[in-house]
Amino acid sequence: ALFETPHLATITHPVTLTYAYTRQGPDGFTDLVREDIKIVHPDGTKYVMFNFLSGAHHVYYPALDGYRGNPVFMVFLEHDVNEMRDETGIAAAYYRNRIREAFLQGAEVARTPVKFDGREVAATTVTLHPFRGDARFTHLPQIANKSYRFVLSDAVAGGILEIATDMPADPAEGLPERGEKLTFQTVADDSVTDGSKGTGP
């Protein structure tokens with residue numbers, strides 16, 4: 001659903017997809033992530049650039065080329081594993097491998113409608129618990145119990161309605177619940193030449 005579905009297939013000209021970003025927790029903030037579909041190649045693949053957060057929170061990611069799926073979830077996960085690396089000192093590659101294994105072996109998939117823009121839309125939700133049962137995180141229960149949620153829907157441009165992580169509170173350590181969420185907001189037509197851009201789902 002995430003890796004093999006051509007989520008960008010319906011995009012036939014340059015557009016910008018905007019996602020609302022929310023971080024929950026003591027260092028919480030809100031921001032935007034913009035995904036620019038700069039070039040649509042003759043074979044339908046896309047050249048994609050990102051503007052990931054702003055100001056002091058901005059993170060640079062190089063452009064990606066040749067994509068049929070929506071790479072925003074890969075950029076989100078790269079940001080996520082790098083933050084865990086910085087917080088724990090455990091290599092980002094270890095986190096990446098555990099998440100990859102969870103996609104292959106432990107993903108929970110549910111096909112149920114969700115609310116979007118005031119209406120119900122068909123959706124597929126993929127849920128992961130990549131670090132559950134990993135002895136390496138016995139002393140880090142927030143990471144051990146961390147969950148990932150990906151909500152996919154053809155109702156939005158780019159096919160990804162929401163990506164979210166949740167780290168439950170750890171009362172023993174006095175740590176509150178933490179998490180991050182990326183939610184589809186708008187699509188803007190970059191092929192418009194009169195200075196205006198259309199928005200909408």
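Guide: The following account takes up the sheet, its hairpins, a helix and the core in turn. The model is predicted, so local features need pLDDT of at least 70 and side-chain atom pairs count only at pLDDT 80 or more, whereas totals for chains, interfaces and linings use all residues. Residues are numbered from 1 along each chain as its sequence is written, and side-chain values use heavy atoms, with hydrogens and water left out.

Nine strands make up an open sheet, in the order 4-3-2-1-11-10-9-8-5, and their pairing is antiparallel. Strand 4 (64-67) and strand 5 (108-111) are its edge strands, each pairing on one side only. On average, neighbouring strands of this sheet are turned by 20 degrees against each other, direction ignored; the axes are lines fitted to C-alpha atoms. Strands here are DSSP runs (E, at least two residues), as are helices (H or I, at least four residues), and both are numbered from the N terminus. Two strands pair if DSSP finds at least two bridges between them.

Strand 1 (residues 15-24) and strand 2 (residues 29-40) run antiparallel and are joined by nine bridges. T18 has R34 of strand 2 as its bridge partner, and R23 stands opposite F29 in strand 2. The two strands form a hairpin with four residues between them, and G25 in the turn has a positive phi of about 135 degrees.

Strand 2 also pairs with strand 3 (residues 46-52), in the antiparallel sense over seven bridges. Here the bridge partner of I39 is Y47 in strand 3. Five residues lie between the strands of this hairpin, where G44 takes a positive phi near 90 degrees. In a regular strand the side chains alternate between the two faces of the sheet. Strand 3 has K46, V48, F50 and F52 on a covered face, and Y47, M49 and N51 on an uncovered one. Strand 3 and strand 4 pair in the antiparallel sense over three bridges, and K46 has Y67 of strand 4 as its bridge partner.

Further along the order, M167 lies in strand 10 (residues 160-167). M167 is buried, with a relative accessible area of 7%; buried means under 20% relative accessible area, exposed over 50%, and partly exposed in between (1.4 Å probe, protein chains only). Apart from its neighbours within four places in sequence, M167 is in contact with Q142, I143, K146, P176, E177 and R178, contact meaning heavy atoms within 4.5 Å.

The largest nonpolar core has 51 residues, and F150 and F184 have the most contacts inside it. Such a core is a set of buried Ala, Val, Leu, Ile, Met, Phe, Trp, Tyr and Cys residues joined through side-chain atoms within 4.5 Å. Helix 1 gives the most to this core, with seven residues. Not counting residues up to four places away in sequence, F150 touches several residues, including F73, L77, F103, V126 and I163.

Methods:
Axes are lines fitted to C-alpha atoms, for helices over the stretch in contact, and angles run from 0 to 180 degrees between N-to-C directions.
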